[in-house]
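Here is a report on one protein model for a reader who has not seen it before. The sequence and the structure come first.

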Amino acid sequence: MLNFSKPENARYINRLKVVNALRSKKGLSRAQLAKEININKVSMGEIVQDLVDEGVLTEGMKQESAKGRPGTSLSLNESYACAIGVDISTRVITITLFSLLGTPLRMERYPSGDFESDKDYFDTIDAAAEKLAAFSSAPVIGMCIAINANISAEGKITSSFLPLLNNSSRFISFFSGYPFPVILAPALICAAEAERFYFESTLENMLFINWGEHLSSALILRDRIIPSMNFAHMPMLKRNLCHCGSAGCLETIASGYGLRVESEREYGCSMTGREMARQGDKFKPVLMRAAEALAKALVFSLCATGASAVLIGGGLSNLPDEYFAYMLDVFSKSAAVPYKDFPIYRSYYKEKGTVQGAGLTALEEFFFRKNLLMKLNDAG
């Protein structure tokens, strides 16, 4: 816990306010920053000068001013530092190097289907991380590894669809000797973080649906993200055994896993949603059922959560427009009157959300700390 009776802690918080202000509004002068975050000009000048001297900020052109001395525009130095984001999916590991502002700089992808232990995952990530770190002249400030799982405060991986990592408490320990900090995070949290990272105003009371290989949801509030894996297990059709032990869960009909189950059951071949969409009308009924089931699950979820809007991301949000339009139509016909015209959006990131979110979560954890600032602001 920070002790705010110590001047250095207050100064640390003010530094965070400066870098976060310039992340969303680049080009502000010292005077504009002082007004923006309510700090006196003398203190602001000292903080900015320290950040310029450290290379965190760069100075630009003099701004025109109707009165007084013209100010100098300031920006974050995107090459000051970088971060690594890792997305461990069922069959592929994606490791990406990100700039300080979240721009992907370089990406490596590796199949993981023939891995035999959790050490194989570490060795692959380790080799790629070393390669990416050598690619950039900027230091790596941290790495976030996104896994479709629940993760305890101690780093134990539970409820994972990756058998070699499920219930593992030692995987994170492989990274204990790293030259930069490494954290594990649920893929759902990372994907939701990606959606709000660049928003000028924080997404608030937004229900985020990660519609991919597996289904999950999260409620995005002003200063936190509340995940729920239970969204996937709403009862829909009384067929298909789910991995949770129940029959007919939404997961078995609408997720990537469910689409493979349905295509195998009806056509004798296991196919992904993208593969089915490429086949034209043959697999259209399976995809339409998935969209319909998701729409009806949204009706129940909104009644339960009271969310003010829905944002749908994940790989299957990238299905052709006709399926998304059909889902919206089913939702409108199934929802109660107050929800008839409810705002439902498709993610900008789509299938890239977890990859992007892993890097952005690392930047949030090890540099920007915007969530901390919001909590302190609410507490004050």
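## The model

This is a predicted model, in which local features need pLDDT of at least 70 and side-chain atom pairs count only at pLDDT 80 or more, while totals for chains, interfaces and linings use all residues. Residues are numbered from 1 along each chain as its sequence is written, and side-chain values use heavy atoms, with hydrogens and water left out.

## The largest pocket

The largest pocket holds about 1100 Å³ of space. A pocket here is an open set of points on a 1 Å grid over the protein atoms alone, where a 1.4 Å probe fits and protein lies on both sides within 12 Å along at least five of seven lines. Grid points are joined across faces, edges and corners, and the volume is the space filled by probe spheres set on the points.

The lining consists of 42 residues, where a lining residue has an atom within 4 Å of a point. Ser89, Gly212, Glu213, Gly315 and Glu351 lie nearest the centre of the pocket. Several helices and strands each supply at least two lining residues, among them β3 (82-88), β4 (92-99), β5 (104-111), α7 (256-267) and α11 (353-368). Helices (H or I, at least four residues) and strands (E, at least two) are DSSP runs, numbered from the N terminus. By class, the lining has 14 nonpolar, 18 polar and 10 charged residues. Ala, Val, Leu, Ile, Met, Phe, Trp, Tyr, Cys and Pro count as nonpolar, Asp, Glu, Lys and Arg as charged, and the others, Gly among them, as polar.

## Salt bridges

Side chains of opposite charge can pair when their charged atoms come close. The model has 19 salt bridges, each being a side-chain nitrogen of Lys or Arg within 4 Å of a carboxyl oxygen of Asp or Glu. One of them joins arginine 260 to glutamate 213, with the closest N and O atoms 2.8 Å apart. This pair links distant parts of the chain: arginine 260 is in helix α7 and glutamate 213 is in the loop between β10 and β11 (215-220), 47 residues apart. Glutamate 213 is partly exposed, at 26% relative accessibility; buried means under 20% relative accessible area, exposed over 50%, and partly exposed in between (1.4 Å probe, protein chains only).

Glutamate 108 and arginine 106 also form a salt bridge, at 3.5 Å from N to O. Glutamate 108 is buried at 11%, whereas arginine 106 is partly exposed at 32%. A further salt bridge, at 2.9 Å from N to O, joins glutamate 266 and arginine 265. These two residues belong to a network of salt bridges that links Arg239, Glu262, Arg265, Glu266 and Arg289.

Which residues of helix α2 (residues 30-37) are buried? They are Leu33, Ala34 and Ile37. These residues lie on the same side of α2, because they cover an arc of only 100 degrees around the axis; the arc is that of the directions from the helix axis to the C-beta atoms.

Asparagine 38 is exposed, with a relative accessible area of 70%. Arginine 369 is not a glycine either and has a positive phi of about 55 degrees. Arginine 369 sits in the loop between α11 and α12 (370-379) and is partly exposed at 26% relative accessibility.
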